[in-house]
Amino acid sequence: MKLIGEYIQKHLGIFLLSTLFLTMEAAADLLQPTFMSFIVDRGIRNADTGQILLYGVMMLGIAMGGAVCAVMRSRFASRVSQTVGKELRRDLYHKVQQLSMENIDRLRPASVITRITNDVVQIQDFINGIMRIMVKAPITCTGAILLILIQTPAQAPVMAVIILMVAFLVVGNMKTGYPRFGTVQEKLDRLNGTAGEFLSSVRVVKAFGAEETEAGKFGEASRGLALANTTALRTMAVFSPLINLTVNFGIVLLLWISGSRQGTEIGRLMASVNYMTQVLFAAGMISNALNTAVRAAASAGRIKEVLDEEPAQRLPEHPLRPEITGDIRFAHVSFSYAGAGKEALHDIDIRIRQGETVGIIGATGSGKTTLVNLVPRFYDAVEGTVWIDGCDVTQMDTEYLRGAIAVVPQKALLFSGTIRENLRWGRADAGEEELRAAAEAACADGFIRQTGQGYDTLLGQGGVNLSGGQKQRISLARALVRKPCILILDDCTSALDARTEAGVLKGLRKMGGGMTMLLVSQRISTVMRADRILCMDDGRVQGYGTHGELMASCNTYREIYQSQIGGGGHG
């Protein structure tokens with residue numbers, strides 16, 4: 001709850017103003033039974049019409065004032081809760097952007113989404129209700145008890161017992177609910193993850209007719225969430241009736257004690273019963289509010305976990321910005337993913353010279369993508385050092401480093417908007433001619449012009465209205481717009497036919513100039529004409545040299561060549 005308090009403090013003025021209106025609203029509610037008792041005991045009992053009218057008008061004025069206070073309280077409470085929710089989402093999103101890939105892998109994307117959405121909503125609901133319930137209910141409860149003691153002082157022992165019993169039940173409610181609502185949020189994470197996995201791979205699911213399997217997985221996650229919710233709510237449901245029973249027992253006892261005594265004023269008795277009813281409602285409100293508080297506390301803990309997450313990659317105290325030309329050295333680099341049982345890379349020791357095109361080939365899981373991910377510092381080597389132009393990448397300004405590198409992943413990632421807007425992700429100030437030149441080099445200009453609006457054609461989320469090959473070519477063009485010193489192509493031509501791929505690679509070489517290119521591919525035909533080829537298997541270097549050199553010296557490379565092209569020639 002400390003986290004919630006820190007964000008409320010930023011808007012303490014509005015929060016206190018809302019609390020002031022809420023206190024006045026509660027005071028108005030508390031004054032009503034007292035003035036009703038005045039009407040009965042001083043007006044009706046004495047047949048004094050003037051007293052009846054006077055106290056009646058005063059009651060009406062108090063009620064109207066209370067209504068105005070309620071409106072103002074609601075306005076300010078909503079403003080604080082919505083502002084805090086906006087700030088929490090902003091800070092969470094900003095924090096996630098600062099985290100490394102290792103942090104994201106550990107936190108899990110589905111869980112991060114739940115924290116930014118559902119957990120923030122829980123806190124918003126709590127802050128909005130804290131003024132309406134968590135503040136008003138204690139004021140009402142305390143005020144009603146004091147007024148009962150003023151109206152009927154003999155009821156003090158009864159009130160003391162009732163207060164102790166209600167306090168015991170409220171504490172039990174909190175201790176029982178907290179862990180159960182934490183479990184609810186974890187089950188919601190799993191449900192979101194299952195739904196996200198299905199939506200991101202819906203074509204594959206339909207292609208394999210696996211709808212029933214996925215429906216079963218979603219149903220299981222949904223049942224888990226429903227069971228966790230049911231368990232939490234059942235547990236909470238036990239306490240509310242017990243609190244109601246305790247307060248109602250107090251009302252009966254108050255009436256019995258008052259009835260056994262002579263001379264009790266009817267108005268005061270009515271007021272005391274009314275105040276006991278207010279105590280009952282206030283206790284119920286507190287119980288329900290604590291359920292909300294328990295959920296908010298669980299959500300705040302999950303949000304704080306993200307906000308307190310230490311980035312796995314340490315930023316240098318004095319980040320360097322050397323001139324980047326594209327000379328890369330992997331000096332005895334080893335790497336393993338967090339929680340993995342084995343190394344993904346082992347003792348990689350190679351150099352890539354400025355302006356070279358280096359093909360990287362190997363079986364699935366051989367460490368190709370992991371290796372190139374170390375260059376823009378998506379991950380850091382566990383052992384050894386990655387050098388760029390003689391500078392350790394861990395000592396470089398990360399933004400500056402990545403500004404000199406363009407990465408084209410295997411799965412083309414496009415964003416909602418026009419083709420032109422997607423291309424300008426490469427460089428926001430790129431001119432029209434630069435966009436067209438990049439698109440031509442990536443063999444994308446032709447099909448872009450054939451679309452209805454050309455470069456102004458709107459793309460759906462993820463570029464859903466383009467084919468796989470078209471998305472890959474736009475991704476390539478976007479990378480070229482940046483004019484990087486180092487271009488990383490991570491199997492990004494897999495959806496292209498051989499002829500189109502050859503045209504793309506030709507365009508890249510023509511436009512690249514002195515650019516260093518790392519070309520990851522499963523196809524021997526893609527890498528065999530590179531300046532040098534790195535052959536990998538099981539995270540280790542099997543060979544590094546030209547196509548001819550590897551055909552003569554590397555069994556792994558030769559086997560790949562023979563399996564894809566056949567024969568024993570050197571090509």
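**Close-up views of a predicted model**

**View 1. Glu310 and Arg314 are both exposed.** Here exposed means over 50% relative accessible area, buried means under 20%, and partly exposed is anything in between (1.4 Å probe, protein chains only). The model is predicted, so local features need pLDDT of at least 70 and side-chain atom pairs count only at pLDDT 80 or more, while totals for chains, interfaces and linings use all residues. Residues are numbered from 1 along each chain as its sequence is written, and side-chain values use heavy atoms, with hydrogens and water left out. Glu310 and Arg314 form a salt bridge, with 3.5 Å between the closest N and O atoms. That term asks for a side-chain nitrogen of Lys or Arg within 4 Å of a carboxyl oxygen of Asp or Glu. Searching the whole structure turns up 22 salt bridges.

**View 2. Arg329 and Asp349 join two strands by a salt bridge.** The N to O distance for this pair is 2.9 Å. Arg329 sits in strand S1 and Asp349 in strand S2, so the contact ties together parts 20 residues apart in sequence. Strands are DSSP runs of E with at least two residues, helices are runs of H or I with at least four, and both are numbered from the N terminus. Both side chains are partly exposed: Arg329 has a relative accessible area of 32%, and Asp349 comes in at 34%.

**View 3. Four strands make an open antiparallel sheet, ordered S2-S1-S4-S5.** Two strands count as paired if DSSP finds at least two bridges between them. At the edges are S2 (345-352) and S5 (391-392), each pairing on one side only. S1 (residues 328-335) and S4 (residues 383-388) share 5 antiparallel bridges. Ser334 has Glu383 in S4 as its bridge partner.

**View 4. Another open sheet has 6 strands, with mixed pairing.** Its order runs S6-S9-S10-S3-S11-S12. S6 (405-408) and S12 (540-545) are the edge strands, and the twist averages 15° from one strand to the next. (Axes are lines fitted to C-alpha atoms, for helices over the stretch in contact, and angles run from 0 to 180 degrees between N-to-C directions.) S3 (residues 357-362) and S11 (residues 532-537) pair in the parallel sense over 5 bridges; Ile361 faces Cys535 in S11. Helix H19 (residues 555-564) packs on this sheet, touching S3, S11 and S12, and makes about 95° with S11. Contact here means heavy atoms within 4.5 Å.

**View 5. Helix H15 (residues 468-481) lies across S6 and S9 (486-490).** It runs at about 180° to S6. H15 is mostly covered, with 12 of its 14 residues buried, including Lys471, Arg473 and Arg478. Just after H15, Lys483 takes a positive phi of about 55°.

**View 6. Arg420 and Asp456 belong to a salt-bridge network.** Arg424, Glu432 and Arg436 are in the network too. The Asp456 and Arg420 side chains meet at 2.2 Å, N to O. Asp456 lies in the loop between helix H14 (445-450) and strand S8 (458-459), and Arg420 in helix H12 (residues 419-423), 36 residues apart.
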